[in-house]
Amino acid sequence: GRHRVPGGSYKAHVLVVEDDDALRGRLLKQLAPFAEIDGAADGIEGLLKATSKAYDVVVADLNLPGLDGWGLMRQLRQHVTARESAILVLSAHDELRETLKIARAGARAYLTKTGRAKPVLDTLELLLSPRKDAWESLARKEKTAIDLRLLGAMWTLRAIAELDLVGTLTIEEPI
């Protein structure tokens, strides 16, 4: 099953695409308690995994063998399932120009690689909180306002189905 208990806390899915085995291993180990986590050692493997199931967040190194982070982001944006994944980019360079380019490529967050897992974990928590909060509110059967651009329409419909909710779904343009 995708989640521990229907209506329980949201179990996020995270994919870490990182060719540095030590860092990838550290992230996988430290993320395991909060998320279902998969790893990929290069861009091609990352793309195959990211398009085979719905991840909440894809953490991607920019400098990857096979298919680099840029190519991976471009492909994910064009893929119907992967389009809703938030992308967290890790880069060895910290240049503003690069950062802006990354934002335009569709990444939700950017971190300079330090080899430490904590900044990554903190940023992931921020990226995951909108879906976690929405899931928990829906699970309590509360009236829940959802920003489809942030959470994703497919994710929202899956959550409604998985939580077995019945009611009226009202969609309105933001004011």
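Me: How many cavities of 30 Å³ or more does the structure hold?
Reply: This is a predicted model. Rolling a probe the size of a water molecule over the atoms shows where empty space is left. The number of cavities of 30 Å³ or more is 4.

Me: What volume does the largest cavity have?
Reply: Its lining includes Asp56, Val57, Glu84, Ser85 and Ala86. Leu150 and Leu151 are also among the lining residues. The volume of the largest cavity is about 80 Å³.

Me: Which helix supplies the largest share of the lining of the largest cavity?
Reply: Helix 5 and helix 6 each supply at least two residues of this lining. The largest share is 4 residues, and the element behind it is helix 5.

Me: How many residues in the lining of the largest cavity are charged?
Reply: The lining has 7 nonpolar residues and 1 polar residue. Arg108 and Arg131 are among the residues that line this cavity. The charged residues number 4.

Me: How much space lies in the largest pocket?
Reply: The pocket is lined by 25 residues. Thr144, Ala145, Ile146, Leu169 and Thr170 lie nearest its centre. The space in the largest pocket is about 970 Å³.

Me: Which helix gives the most to the lining of the largest pocket?
Reply: The lining of the largest pocket draws two or more residues from helix 6 (148-151) and from helix 7 (153-162). The top contribution is 4 residues, and it comes from helix 7.

Me: How many nonpolar residues does the lining of the largest pocket have?
Reply: Sort the lining by class. There are 5 polar and 8 charged residues. The nonpolar residues number 12.

Me: How much space lies in the second largest pocket?
Reply: Val14, Leu31, Phe34 and Ala35 are among the residues that line it. By class, the lining has 7 nonpolar, 1 polar and 3 charged residues. The space in the second largest pocket is about 180 Å³.

Me: Which helix provides the largest share of the lining of the second largest pocket?
Reply: Look at the lining residues, including Leu121, Asp122, Leu124, Glu125 and Leu128. The largest share is 7 residues, and it comes from residues 118-139, which form helix 5.

Me: How many residues are in the second, separate core?
Reply: Valine 120 belongs to the largest core. Beyond its neighbours within four places in sequence, valine 120 is in contact with Leu27, Val59, Leu88, Leu90 and Leu111. A second, separate core includes Leu15, Ala60, Trp70 and Ala107, and its residues number 21.

Me: Is glutamate 18 buried or exposed?
Reply: Glutamate 18 sits in the loop between strand 1 and helix 1. Leaving out residues up to four places away in sequence, glutamate 18 touches Leu23, Arg24, Ala40, Ala41, Asp61, Leu64, Leu90 and Lys113. Buried means under 20% relative accessible area. Glutamate 18 has 0% relative accessibility, so the word for it is buried.

Me: Which residue's side chain is joined to that of glutamate 18 by a polar contact of 3.2 Å?
Reply: A polar atom of the glutamate 18 side chain lies 2.8 Å from the backbone nitrogen of aspartate 20. The contact of 3.2 Å is between side chains, and the partner of glutamate 18 is lysine 113.

Me: With which side chain does the side chain of aspartate 61 make a polar contact?
Reply: Aspartate 61 lies in strand 3 (residues 57-61). Aspartate 61 counts as buried because its relative accessibility is 2%. The contact spans 2.8 Å, and its partner is the side chain of lysine 113.

Me: How far apart in space are alanine 82 and serine 129, C-alpha to C-alpha?
Reply: Alanine 82 is found in the loop between helix 3 (69-78) and strand 4 (86-91). Alanine 82 is buried, with a relative accessible area of 1%. In sequence, alanine 82 and serine 129 are 47 residues apart. In space, C-alpha to C-alpha, the distance is 19 Å.

How values were computed. Residues numbered from 1 in each chain as written. Predicted model: local features only at pLDDT ≥ 70, side-chain atom pairs only at ≥ 80, totals over all residues. Heavy atoms only, no water. 1 Å grid on protein atoms, 1.4 Å probe; cavity = no way out; pocket = protein on both sides within 12 Å on 5 of 7 lines; lining within 4 Å. Points joined across faces, edges and corners; volume = space filled by probe spheres on them. Nonpolar A, V, L, I, M, F, W, Y, C, P; charged D, E, K, R; others polar. Buried < 20%, exposed > 50% of the residue type's maximum accessible area, 1.4 Å probe, protein only. Polar contact = N/O pair within 3.5 Å; in protein donor to acceptor, adjacent residues only side chain to side chain. Core = buried A, V, L, I, M, F, W, Y, C linked by side-chain atoms within 4.5 Å. Contact = heavy atoms within 4.5 Å.
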